[in-house]
Amino acid sequence: MQAAETFPEIRDSVRRLCAGFPGEYWRKLDADRAYPTEFVAALTEAGFLSVLIPEEYGGSGLGLAAAAAILEEIQRSGCNGGACHAQMYTMGTVLRHGNAAQKQMLLPGIAEGTIRLQAFGVTEPTSGTDTTRIRTFARKEGDKYVVNGQKVFISRAEHSDWMVLLVRTTPRDQVKKPSDGMSVLLVDLRQAQGKGLTIKPIRTMLNHATTEIFLDELEVPVENLVGEEGKGFHYILDGMNAERLLIASECIGDSRFFIDRASEYAKTREVFGRPIGANQGVQFPIARAHVETQAAALMVSHAISLFDAGQPCGTEANMAKLVASEASWHAADCCLQTHGGFGFAEEYDIERKFRETRLYQVAPISTNLILSHVATHALGMPKSF
Ligand SMILES: Cc1cc2nc3c(=O)[nH]c(=O)nc-3n(C[C@H](O)[C@H](O)[C@H](O)COP(=O)(O)OP(=O)(O)OC[C@H]3O[C@@H](n4cnc5c(N)ncnc54)[C@H](O)[C@@H]3O)c2cc1C
């Protein structure tokens, strides 16, 4: 059984758009660690980044399945949606929990591409995955919050106008549950830079425009608080299922890129007088990667249907992200092996995609944390932390 190919027209237009951004384009950016501005502009112009925004705010009001199809095709084409995927879903926090003024301030602009809301500030150097221990603190002073702290690995902050920022507003030892007492603030990055907010790029093994953010007496107007003070952790969790499922779809796209490339190369590369793919030692790992990808795609599509139907899907979204990120990593490894020495040559784009897809076993949530969720939530085993 093959996961049905949804949204064929959308997929076809995405493929045509991506054809204008071939391997050379990405290789040059990768070498310079530069942002794919032209690619993101083309996606914005075509309306692909606003599919999740309701029509009343100028978007196309489609479900997560459409967004997933777009990201899968981007990755399958050898492009990298990681540069802008958050522009699709970060607005979900405002859409679900923001007030009418905040929605009006941001959503139409995001839909038409004049506002970029694709920075999401949760991770901190000292708290790691244990989000309830974040130290960034916002103290309320009259009509403003004054924020101090530090965030790390905040992607696209230099290419975003606004940031969704998770802060503590009540110290952890003064709340009933550790997840209480955190709040979400909307930070206008254009205004904040140089006035209490500093962005410092972090160079990583892949071109991901990620940064460190320092907050020193940054003033944020109280009207930029999303929802109720102290409930921010729950608002952030709400958005995570969408993020995990869209990233899982990117992994499926990556996987298919590697399998397309590996099977093509195995058919055409001749060694010992015959195609290398005539050897079962070469063809079986590619076939196995395909099997694993098809199975993962079914899990992703099942979890997306639950999400789009408004059903609970936390465990399914986690499981989908786990199997999809492992499928893409196994496909990447097998594709590199199939290409022999040429897999390491930059001009084949395999090594670049190999580096890119490795990220998804760590971010936005690492495999161990997913296993811990499944062990305790789905199987009822005791909590380990
Ligand atoms: C390129 C990149 C982009 C990112 N973009 C963003 C972004 O835009 N916004 C943002 O907020 N964050 C971002 N992140 C951060 C990312 O979400 C975190 O790196 C990730 O969640 C893991 O957290 P950590 O790095 O603090 O690892 P840690 O929490 O320190 O964990 C380290 C390792 O230990 C394991 N581990 C920890 N505790 C346990 C346990 N109890 N049991 C078993 N294993 C455990 C983890 O699974 C992991 O493998 C990004 C990271 C990268 C690398």
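The hairpin of strand 2 and strand 3 has two residues between its strands, and Gly 142 there takes a positive phi near 65°. This is a predicted model; local features need pLDDT of at least 70, side-chain atom pairs count only at pLDDT 80 or more, and totals for chains, interfaces and linings use all residues. Residues are numbered from 1 along each chain as its sequence is written. Helices (H or I, at least four residues) and strands (E, at least two) are DSSP runs, numbered from the N terminus.

**Strand pairing**

- Strand 2 (residues 137-141) pairs with strand 3 in the antiparallel sense, over five bridges. Two strands pair if DSSP finds at least two bridges between them.
- Arg 139 has Val 146 of strand 3 as its bridge partner.
- Strand 3 also pairs with strand 7 (residues 210-221), antiparallel, over ten bridges. Here Val 152 has Glu 212 of strand 7 as its bridge partner.
- Strand 7 pairs with strand 6 (residues 197-201) in the antiparallel sense over five bridges. Thr 198 is bridged to Phe 214 in strand 7.

**Ligand shell**

- The ligand has 23 residues around it; Val 122, Gly 128, Thr 129, Phe 153 and Ser 366 come nearest. A residue is near a molecule or strand if its C-beta atom, placed from the backbone, lies within 6 Å of it.
- Strand 1 (117-121), strand 3 (144-155) and helix 13 (367-378) each supply at least two residues of this shell.
- Domain 2 (117-229) and domain 3 (234-378) each give the shell at least three residues. The domain bounds come from an automatic or database domain assignment.
- The shell holds eleven nonpolar residues, twelve polar and no charged. Ala, Val, Leu, Ile, Met, Phe, Trp, Tyr, Cys and Pro count as nonpolar, Asp, Glu, Lys and Arg as charged, and the others, Gly among them, as polar.

**Helix packing**

- The axes of helix 11 (residues 314-338) and helix 12 (residues 350-358) come within 9 Å and cross at roughly 160°. Axes are lines fitted to C-alpha atoms, for helices over the stretch in contact, and angles run from 0 to 180 degrees between N-to-C directions.
- Helix 11 and helix 12 are therefore roughly antiparallel, a term for angles over 145 degrees.

- Ala 363 and Pro 364 are joined by a cis peptide bond, with omega about 0°. Pro 364 sits in the loop between helix 12 and helix 13.
- Arg 33 is not a glycine, yet has a positive phi of about 50°. Arg 33 lies in the loop between helix 2 (23-32) and helix 3 (37-45).

Notes: Parallel < 35°, antiparallel > 145°, perpendicular 65-115°, else oblique.
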